[in-house]
Each structure stands twice: as structure tokens, then as C-alpha cells.
Amino acid sequence: IFKNFRVCVMSNLPKGWELVQFDKVCDIRDGTHDSPKYIENGVPFITSKHLTDNGIDFTETNYISEENHIEFSKRSKVDNGDILFGMIGTIGKPVIVNTDFEFSIKNVALLKLSSNELLSNIYVLNLLKSNIIINQFLKLSNGGVQSFIALGMIRKLKIPLPPIEEQKKIADILSTVDKKIAFVEENINATEELKKGLMQKLLTEGIGHTEFKDSELGRIPQSWEVVKFKEITKVRQGLQIPISKRKKEKCENCYEYITIQFIKNNKEVEYIENPQKTVICTENDILMTRTGNTGIVVTNVKGVFHNNFFLIDFDRNEISKEYLVYYLNSNSIQKEILLRAGATTIPDLNHGDFYSIKFISPPLEEQKQIAEILSTVDNKLENLKEKKQSFEELKKGLMQKLLTGEVRV
């Protein structure tokens, strides 16, 4: 029924709902247009870039004097319960203000409705995140990518307005799902911290050891060794091939072309025909980016790998693939890789630099045990992320139904 918002708001509004222009029910302002002089400490001064999905990020704010703040507040005093909406650069990201200190704003729309008996701020917050509003912005900008939204554009938005009690019920339902999402996200963060600590401990102390020795990488179990990657691995680069020679459709003896864009699902599948065996990888191989986004570890893929990757060969009777993947992804090794790749515009890790990196080598069976423990944590993380995604899909569906009145509460 409500596939198209224009149809919905023009002819299918539920009984008791109104379609109103935003500024008729809400005072909409913006922050200062001036560029103040920043000081070391003072009143926080935020712009659109400080608005995030999780609220206002004050960690990297500039500060202004109390005098500047008082002057700016004459036109744009921010109170708890107000909604902020990014206008320049970061567009949207609406947040409800809830702080125990004052701050000033620039390039941010200020929606003052905390004392408005017609609107629930949580209802409006969800409305601003919905396709109802997003589609209007796209229409007003002719479908182009926006880096700026004028205050007048926000004021002229058409919003569906249920009775205040129904707004509150809608807000309560969506807030309940938000709390579920936030709870799962807290569990994800806690599990990621657990994994980080476990990796640090297991990759340096192992499991159940009582005897240790000093090494060039610190204290390690007596039975472990420190070697260079040159002693246990061989790397080879992949294939760089012109776009004109890549095929868009699968053919006989064709392989998928593994690039960073492909891994990140940002690019359609391309195929390489009749490649040399040396540039073909299987699910059991380990790839690592050597240039650009250096240090990204990839496995469980099959195809022809790009020249930006190393394929890492190793003796599987001595080294566990899973252990090596965790080792390459550990914080200390990632820092080492980035340091050796250099801080140029395009970081690049050459063969010699990779080979010189040191590898802490436990016995094979202990490598497998360490990898199994970390894999258990990874499985938990994956389950939590799937749970979060299912709640987000639930909320998306509820927003569509509740904010259009398809389902009444």
C-alpha cells in the first residue's frame, strides 16, 4: 500500500493523521555562521562531523571562549531534548541532545521541539532516519549526492503527523528494538576486547606453560622458537591485468579475479581466462595485501589474485594455517607490517621486508589448540553480529510500517 511515499502522504494517510510542513510544528534553526578563534580549553564547538549513529562524538572537538559561546547562543542555544541534524559534509545523522554541559554548533541544524506538545522527539528522530525523509532529500536534490543541505530544505520537509499519543507508542516500540541493538552491540564490543586480550596472551604465553625464556620478542615458553618469515614462508605476487582483458561473464577455464574491491563487495565479479597456475589461489591459501591497504589478511577465497596481494606459502606440517592467520592479524604484527610498508602516499611492503618479520613458533599441536580457542570467540562474534543484523532488519521493517501508518498502535 505504501510503496511510494508521495502516494502515501497525498492520498493514503491514516485517519487522524496529518501531513504538515516541518517548520509549522517545530522551530528549526542552525548554529553560528562565524568562524571563531579556537582556544585550548573552553566550551566544546561541534560541527556536522561530530554527529554519529551513536550520538555526539566529543573526542576531537575544538573549543571556544565563554564569550563566543554566549554570543552564539543568542540564536542557537542547544538544550537537552533538542535534535541535531548534519547539514554540511556529514548529512543527517540525527541525534537527541543529552549532555550535562553546554556547547555551541556550526553547520548543524537545530530542531527545538522539547517543549512542543505536538511532537515526540524520539518519533521525529526515527522519522529523520527513515526513507520518508531521505527520499524527499533525494527528490529535492534531483537524486544527486548531497554534501550540503540548506536549512530551508529541512524546514520544507513534509512529515506525517499522528496524534501525540500514537507518536509516543511508535517511539516506545522502536526504542525497545534500539535497546536490543545497543545491548547486542555492547556484547560485540566486549567480545572483541576479550579476543584482543586472548590473542595477546595466547600468542606470547601459550597454554599452561610454567617454564619461560627470554627472546628477542620478549618472554616466551621454553619450547617455543622465534624465526624470521624468510625461514618458514615463501611469498609470490598475483596478476595485474588490464580492464580490457577481464571478462564480465564466466567462461570455460575462467577464474574469479580476487581484488580488494571484490573482497569488500564493492565491485561486480570479473573473470580471468587461462591464467598461469602461479596466480591461482584456493580456499586453503592465505593472501595478504602488500600495497595500498597493506596488511589485510584474506583466506577462504578461490580465484586469480591481484598483484596487490602476496600469496604466503608455508610448510603445513610445521605451521597451522589458522594459527598463521591469527598471528598475521595480531596487533603487534599489523603494526610491524605497516611500519615496514612505509608512510608514503601508497604504502608498499616488499618481499624482503616481509621476510624479515619475526614469527613466534609454538609446536604444531599447540598452534592448533590456540587457533581453536580463538576460533570459538570468532564464532561467538559472528553469531552476535548476525543477531544485531536481524534486529536492524526488524527495525527497518517496523519503521516502514509504523511511520507510514500501515500498522496502527
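How many of the nine residues of helix α3 are buried? Seven of the nine are, so α3 (residues 121-129) is largely enclosed by the rest of the structure; buried means under 20% relative accessible area, exposed over 50% and partly exposed in between, with a 1.4 Å probe and protein chains only. This is a predicted model, where local features need pLDDT of at least 70 and side-chain atom pairs count only at pLDDT 80 or more, while totals for chains, interfaces and linings use all residues. Residues are numbered from 1 along each chain as its sequence is written, and side-chain values use heavy atoms, leaving out hydrogens and water.

**Helix α3**
- The buried residues of this helix are Asn121, Tyr123, Val124, Leu125, Asn126, Leu127 and Leu128.
- Helices (H or I, at least four residues) and strands (E, at least two) are DSSP runs, numbered from the N terminus.

**Asp23**
- Look for Asp23 in the loop between β1 (18-21) and β2 (27-30).
- Asp23 counts as partly exposed, at 30% relative accessibility.
- Not counting residues up to four places away in sequence, Asp23 touches Ile28 and Arg155 (contact means heavy atoms within 4.5 Å).

**Thr47**
- Thr47 sits in the loop between β3 (43-46) and β4 (51-52).
- With a relative accessible area of 17%, Thr47 is buried.
- Lys106 and Val108 are in contact with Thr47, leaving aside its neighbours within four places in sequence.
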